Amino acid sequence: MNDFIAGLPKCELHLHIEGTLEPELKFELARRNGIALPYASVEEMRAAYAFDDLPSFLGVYYEGMGVLRTEPDFYDLAMAYLRKAASQNVRYAEIFFDPQAHTSRGVPFDVVIRGLRRALMDGHAQLGVRAQLIMCFLRDFQAEYAMATLLESLPYKEWIVGVGLDSDEKGNPPVKFAEVYARARQEGYLLTMHCDVDQENSVEHIRQCLDEIGVDRIDHGVNILEDPELVQRVIDKGIGLTCCPISNSIVTDSMKATGIRKLLDLGVRVTINSDDPAYFPGYVQENLQALELSREELLQVQRNAFEITWLPRHVKEGYLAELE
Ligand code: ADE
Ligand code: ZN
């Protein structure tokens with residue numbers, strides 16, 4: 001089955017580029033930028049990845065990205081991911097980036113986006129992996145800062161396909177960003193949001209995404225199973241969920257595997273993705289393996305994925321034809 005998965009043309013729709021920063025590259029960037037790291041070796045650094053919920057993960061994640069300072073750093077980060085993606089037959093990726101995690105520590109927005117964009121261009125030309133960027137706002141910062149970031153992104157609108165919302169969900173519901181999302185929609189961005197698994201008010205957050213924000217898809221969202229009426233609505237509207245089984249298994253007590261499979265059986269457009277693979281060990285291949293799905297289910301997951309991509313219809317159809 002692993003060979004079958006390896007051979008599938010794949011799609012990655014839930015991947016934080018900063019979450020692909022492997023310890024080896026972290027050391028290299030630290031050396032390049034003259035930054036002292038509090039770990040003596042790659043092994044020691046990995047051993048410190050001892051998180052068991054979302055906030056404890058986020059602490060390590062934000063600390064780790066402090067080594068990213070210059071345009072070539074962001075280029076190298078994204079190229080390393082795209083090489084890994086190519087090795088797993090990922091044909092297309094929609095990649096989250098967290099500009100505020102960088103601007104808040106003095107790295108200019110244009111340094112971040114120019115490095116990522118250059119890598120996406122080279123990744124397509126050299127590795128055959130197509131990719132687009134989704135700009136995430138950090139939900140534990142003020143909505144005004146998200147709005148300022150949205151405005152700062154406008155000169156680069158052609159390089160960004162949509163916006164997302166991530167970071168600590170507790171006390172930071174979707175409606176906090178209703179105005180920002182309305183403006184993002186006006187500017188032509190597509191809309192997604194994290195509804196992380198087993199958070200306080202998970203189901204209410206999913207409802208807000210659908211009713212108050214009008215999202216095009218939802219990141220994670222597995223708790224929707226607790227409300228059959230919401231499940232029916234995402235089925236009727238064809239809204240996709242970008243699920244991440246290995247990440248779920250670390251930030252909650254269970255892999256939510258049964259939930260993901262149940263949603264698939266019900267006809268929800270479920271997809272399987274890797275979230276932050278340098279921290280939750282496993283890229284898309286390993287996440288697809290983790291659920292022990294049948295061949296037909298795996299094909300359906302990949303069909304769902306290409307179907308809910310934010311690509312022009314004719315490009316999407318080219319990928320879908322490869323699955324037949
Ligand atoms: N930022 C990076 N990874 C995240 C996750 N899994 N949940 C929320 N915010 C994130
Ligand atoms: Zn995520």
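Is R313 buried, partly exposed or exposed? R313 is partly exposed, with a relative accessible area of 41%. Here buried means under 20% relative accessible area, exposed means over 50%, and partly exposed lies in between (1.4 Å probe, protein chains only). The side chain of R313 meets that of E307 in a salt bridge, at 2.9 Å from N to O.

The model is predicted: local features need pLDDT of at least 70, side-chain atom pairs count only at pLDDT 80 or more, and totals for chains, interfaces and linings use all residues. Residues are numbered from 1 along each chain as its sequence is written, chains are lettered from A and ligands numbered from 1 in the order in which they are written, and side-chain values use heavy atoms, with hydrogens and water left out.

Helices (H or I, at least four residues) and strands (E, at least two) are DSSP runs, numbered from the N terminus. Helix α4 spans residues 54–64. Its buried residues are L54, F57, L58, V60, Y61 and G64. They cover an arc of only 165° around the axis, which puts them on the same side of α4. The arc is that of the directions from the helix axis to the C-beta atoms. An α-helix has 3.6 residues a turn, so residues three or four places apart point the same way. The buried residues of α4 pack against β1 (10–16), α2 (23–32) and α12 (245–251).

Strand β1 is largely enclosed by the rest of the structure, because seven of its seven residues are buried. β1 pairs with strand β2 (residues 90–97) in the parallel sense, over five bridges. Two strands pair if DSSP finds at least two bridges between them. E12 has A93 of β2 as its bridge partner.

E94 also lies in strand β2. At 0% relative accessibility, E94 counts as buried. Contact means heavy atoms within 4.5 Å. Leaving aside neighbours within four places in sequence, E94 is in contact with residues including E12, H14, Q132, R217 and W310. A polar atom of the E94 side chain lies 2.6 Å from the backbone nitrogen of W310.

Side chains of opposite charge can pair when their charged atoms come close. A salt bridge is a side-chain nitrogen of Lys or Arg within 4 Å of a carboxyl oxygen of Asp or Glu. The whole structure holds 23 salt bridges. One of them joins E94 and R217, with the closest N and O atoms 2.5 Å apart. This pair links distant parts of the chain: E94 is in β2 and R217 in strand β6 (residues 217–220), 123 residues apart. R217 counts as buried, at 1% relative accessibility.

R233 and D211 form another salt bridge, with the closest N and O atoms 2.3 Å apart. R233 sits in helix α11 (residues 228–237) and D211 in helix α10 (residues 202–213), 22 residues apart. R233 is partly exposed at 23% relative accessibility, and D211 is partly exposed at 41%. Salt bridges that share partners join E204, R207, D211, E212, E229 and R233 into one network.

Rings of Phe, Tyr and Trp (its six-membered ring) pair if their centres lie within 6.5 Å; planes under 30 degrees apart count as stacked, over 60 as edge-to-face and the rest as tilted. The count comes to 17 aromatic pairs. Y61 and Y279 form an edge-to-face pair, 6.3 Å centre to centre with 75° between the planes. Both Y61 and Y279 are buried. F141 and Y145 form a stacked pair, at 5.4 Å and 25°.

Conventions
Polar contact = N/O pair within 3.5 Å; in protein donor to acceptor, adjacent residues only side chain to side chain.
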